[in-house]
Amino acid sequence: MVLGSQGQVSQLASGPSIRYPPSVIPAAGRLCVGREEEIPNKGDYTALRILDEPLLLVRGENGEINAFANICAHRGVEIATGTGNKRALTCPFHGWTYKNTGELDGVPARTQGYRELKLSEWGLFPAAQVASYCGLVFANLDPSAVAFERHLGKYRWYLDIQLKLSAGGMEVLGEPHRWQVEANWKQGAENFCGDSSHTPATHRSALGAGFVRPELTTGPGKKFRAHVHDCDGHAISIRHLEPGQTAFWDYPEEVTRHFGSGGLSEAQLDLARRAINHNGTVFPNFSFIHFSVTDSPEKPVAGFLSLRVWQPKGPGKTEIWNWILAPKEASDRYKKRAYQVGMNSFSPSGNFEQDDVAVWPGVARSASTVFAEMNNIKLNYQMGLGGMGDVQPMADWPGPGVATPSSAGEGGPRTFHRTWYERMTQVRGAANR
């Protein structure tokens, strides 16, 4: 997509090729590749992909998390598949063996055929940069890429609210879910940036069924809303109660009495106290939704946090990675409830999820048509832009970024596509200076 000065987007450029040129991977910034809980013990490993690059996450002997290209230094075969636990990783092709810290440890027939081989020169190829934040593991393949802290920038103020409510932080409930949908990866990423106008249309049936608070059923506007965009390339949409009121995503008192012990500022804690929904995207493809919902109108709403990655798998194909979390201090009974409502709303079978993936594929299909190419079709991203909107940014907003007191805008999606375009058109290395 190419964002014009008037907020229009040329959809033609949105169809990805799965073979990304080398300049694209560093331009993407930091990519979330998993959770620390997936490899909790020494020797644990999991094989995955960062875009189309084979990657191994391994828990080393000292408890550190290492990331390597899943490529044997001998002949290039992928060393491991799936998940497991091993003191050493052995290539299935010729038996070269590596320590879980990446060093080459053994070579068959070494004394006969490799007498002068220097093992220290033939270890696994490490990912250039790996960072861990609140249990999330981010990686980048470019050694000249900016550090994770700089990539996240001031947006950390908002991400901390989701993950540092209490001293124990947020706990992953159950196994992560991964499934494929027929949609472009950018659809999910931009949607979670603050596409509030889709909610009353796309999710009309779920809203009408009484699964959410009444405050979440209203259309775009000023009541209970705030959009924050242009925050170092990231964005967030917030729905909250009036000042002085308390919601805390409808977590029970057994949980909320621990809130504030995680190191948040008073301004951050106040935003959390009034919150009924936060959803946002860390560029390029890591999103979250902190939500209050129920799985039955006869049951009370409950809060949970969903973390997700929109993983490109090819033109018009995306693999969604999804984790459901709740505060660590919650009782087992509440964690079970949070998992239930999370699965019922945002999961492979979730009602909100099914609404979204029913409409998203049409965007990629339209972009691939001959008609769109011949007529240079542009789509409209003007909502709330300039004179289109009736509000101005809030001068007294306590957090970073540009905040408007209304959800009748598309500043978040514009931020996403502008950042994408800037990264894709930069000369390699320019973004890192």
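Which residue has its backbone nitrogen 2.8 Å from a polar atom of the side chain of Asp-44? The answer is Asn-41, and the first point below places Asp-44 in its surroundings.

This is a predicted model, in which local features need pLDDT of at least 70 and side-chain atom pairs count only at pLDDT 80 or more, while totals for chains, interfaces and linings use all residues. Residues are numbered from 1 along each chain as its sequence is written, and side-chain values use heavy atoms, with hydrogens and water left out.

1. Asp-44 is found in strand E4 (residues 44-50); strands (E, at least two residues) and helices (H or I, at least four) are DSSP runs, numbered from the N terminus. With 9% relative accessibility, Asp-44 counts as buried, where buried means under 20% relative accessible area, exposed over 50%, and partly exposed in between, with a 1.4 Å probe and protein chains only. Its side chain forms a polar contact of 2.6 Å with the side chain of Asn-85; a polar contact is a pair of N or O atoms within 3.5 Å, of which, within protein, one must be able to donate a hydrogen and the other to accept it, and residues adjacent in sequence count only if both atoms are side-chain atoms. Leaving aside neighbours within four places in sequence, Asp-44 is in contact (heavy atoms within 4.5 Å) with Ile-39, Leu-57, Val-58, Arg-59, Gly-84 and Asn-85.

2. The eight-stranded sheet. An open sheet of eight strands runs in the order E13-E19-E18-E17-E16-E15-E14-E21, with antiparallel pairing; two strands pair if DSSP finds at least two bridges between them. Its edge strands are E13 (170-181) and E21 (402-404), each of which pairs on one side only. Direction ignored, neighbouring strands of this sheet are turned by 15° against each other on average, the axes being lines fitted to C-alpha atoms, for helices over the stretch in contact, with angles running from 0 to 180 degrees between N-to-C directions.

3. Strand E18 within that sheet. Strand E18 (residues 302-314) is mostly covered, with 12 of its 13 residues buried. On one hand, E18 pairs with strand E17 (residues 286-293) in the antiparallel sense over eight bridges, and Phe-291 stands opposite Phe-304 in E18. On the other hand, E18 pairs antiparallel with strand E19 (residues 317-327) over nine bridges, where Ile-320 is the bridge partner of Trp-310 and Trp-321 stands opposite Val-309. The hairpin of E18 and E19 has two residues between the strands, and in it Gly-316 takes a positive phi near 75°. Helix H10 (residues 332-345) lies across E13, E17, E18 and E19 and runs at about 45° to E18.

4. Helices H4 and H9. Seven of the eight residues of H4 are buried, so this helix is largely enclosed by the rest of the structure. In helix H9 (residues 266-273) the buried residues are Gln-268, Leu-269, Leu-271 and Ala-272. They cover an arc of only 160° around the axis, which puts them on the same side of H9; the arc is that of the directions from the helix axis to the C-beta atoms. Among the elements that cover these buried residues of H9 are helix H4 (156-163), strand E15 (234-240) and strand E16 (275-282).

5. The nonpolar cores. A nonpolar core is a set of buried Ala, Val, Leu, Ile, Met, Phe, Trp, Tyr and Cys residues joined through side-chain atoms within 4.5 Å. The largest one has 79 residues, of which Tyr-158, Phe-286, Phe-291 and Leu-307 touch the most other members. Apart from it lies another core, of 17 residues, including Ile-79 and Leu-119. Not counting residues up to four places away in sequence, Tyr-158 touches Val-228, Cys-231, Ile-236, Leu-271, Trp-397, Gly-399 and Pro-400.

6. Asp-232. Asp-232 has its place in the loop between strand E14 (225-231) and E15, and at 38% relative accessibility it counts as partly exposed. The backbone nitrogen of Lys-154 lies 2.7 Å from a polar atom of the side chain of Asp-232. Not counting residues up to four places away in sequence, Asp-232 touches His-151, Leu-152, Gly-153, Lys-154 and Tyr-155.
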